Amino acid sequence: MLPATVGGAACYVQLDTGANASFIPAGQAAGAPVDIVIGGHTVKASVPPSLKAGDECHAGTVGNGFFENGSLTLDLKNARFSYSDAAILGSDSDAAPINYVRQGNWEGGHIVVPIVMPGQARQEAMFDTGAALFTFTPLRHALYEALRGADSRPLTASSWGQDIGCEISRLTTPLRVSQYTLDSGVLGHCKMDVGIGVPLAGIVGLGGFAGQTIVIDYPSRKWKITR
C-alpha cells in the first residue's frame, strides 16, 4: 500500500505491477477526475464519491501505467518507496533487463522477466507485486506439481473481489529470476487465467524479495534487486 494524496486528502492505494492501467478505482468512480499524487507524480482519475478518511482511505489500485515514465524504488525492509522521473538504472551494468509488454491500445504494460527452473529451458514470468504472498505461482498445474514440496494444501485467495481456489506449498527448489536466485517462500498455483499476449510460465510475486530493495526503471527497461 502506497501513501497518496487523492483530491487533496491523505489516502492509500495498492501497488499492483500485475495491472497495466495507471489507476483502477476501488468501487464505482463518479464525478470529475481529481489529482492523485504518489511520490511527487500526479495523474488525474475519478474516484468513488465516499472515501473513508485517514488510514481507512483506500482509493484504489495503481499499475505500471502510473510510473512507466520514470523509476520506482521499493524498499521492502524499511517499508519505504520513492519515484523519480529519471531513468536511474540507464548506465547501471549490474541491473537486469526487463521486457515491458504492451497489448494493443491498452494503457500501460506488464513487466516480464526471464525465469529458469531446474531441468527446464529459460521461460518468461510476469512480475506482480499484487501477488504479495507468493514467491512464484506456475500457471500450469503440472509445473506446480513438479516444483512443490510434500506439504501442499488448499488456500482461498481474493483477487479483484473474487475468491480464487489455490494450492500452496513451501518453495524449496531454487529458481533463477533474471540474475537473482529465489529459493524460499511460498509456491502456489491458482485456478485463474493470465493472458498478456506472450507465453508465461507463471507469476513472480513479492514473497521471495522480503527485506530487499527493488528498483524498476521503466524507460531503460531494467530492474535491480539489492539487500
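On a 1 Å grid over the protein atoms alone, a pocket is an open set of points where a 1.4 Å probe fits, with protein on both sides within 12 Å along at least five of seven lines, and a lining residue has an atom within 4 Å of a point. Grid points are joined across faces, edges and corners, and a volume is the space filled by probe spheres set on the points. Keep in mind that this is a predicted model: local features need pLDDT of at least 70, side-chain atom pairs count only at pLDDT 80 or more, and totals for chains, interfaces and linings use all residues. Residues are numbered from 1 along each chain as its sequence is written, and side-chain values use heavy atoms, with hydrogens and water left out.

Let's start with the second largest pocket, which holds about 300 Å³ of space. It has 14 lining residues, and Met-1, Leu-2, Leu-74, Leu-76 and Leu-206 sit closest to its centre. Strand S2 (9-15), strand S7 (71-75) and S8 are the elements that put two or more residues into this lining; strands here are DSSP runs of E, at least two residues long, numbered from the N terminus. Sorted by class, the lining comes out as nine nonpolar, three polar and two charged residues. For that sorting, Ala, Val, Leu, Ile, Met, Phe, Trp, Tyr, Cys and Pro are nonpolar, Asp, Glu, Lys and Arg are charged, and the others, Gly among them, are polar.

S7 and S8 lead us on to a sheet. Two strands pair if DSSP finds at least two bridges between them, and here five strands make an open, antiparallel sheet in the order S8-S7-S20-S21-S9. S8 (80-84) and S9 (96-97) are the edge strands with a single partner each, so one side of each has no neighbour in the sheet. Further in, S20 (residues 213-217) and S21 (residues 222-226) run antiparallel and share five bridges, with Asp-217 opposite Lys-222.

Now for the hairpin. S14 (residues 153-159) and S15 (residues 162-170) are antiparallel and joined by seven bridges, and Pro-154 faces Glu-167 across the pair. Two residues lie between the strands, and Trp-160 in the turn has a positive phi of about 50 degrees.

Note on methods
Helix = DSSP H or I, 4+ residues; strand = E, 2+ residues; numbered from the N terminus.
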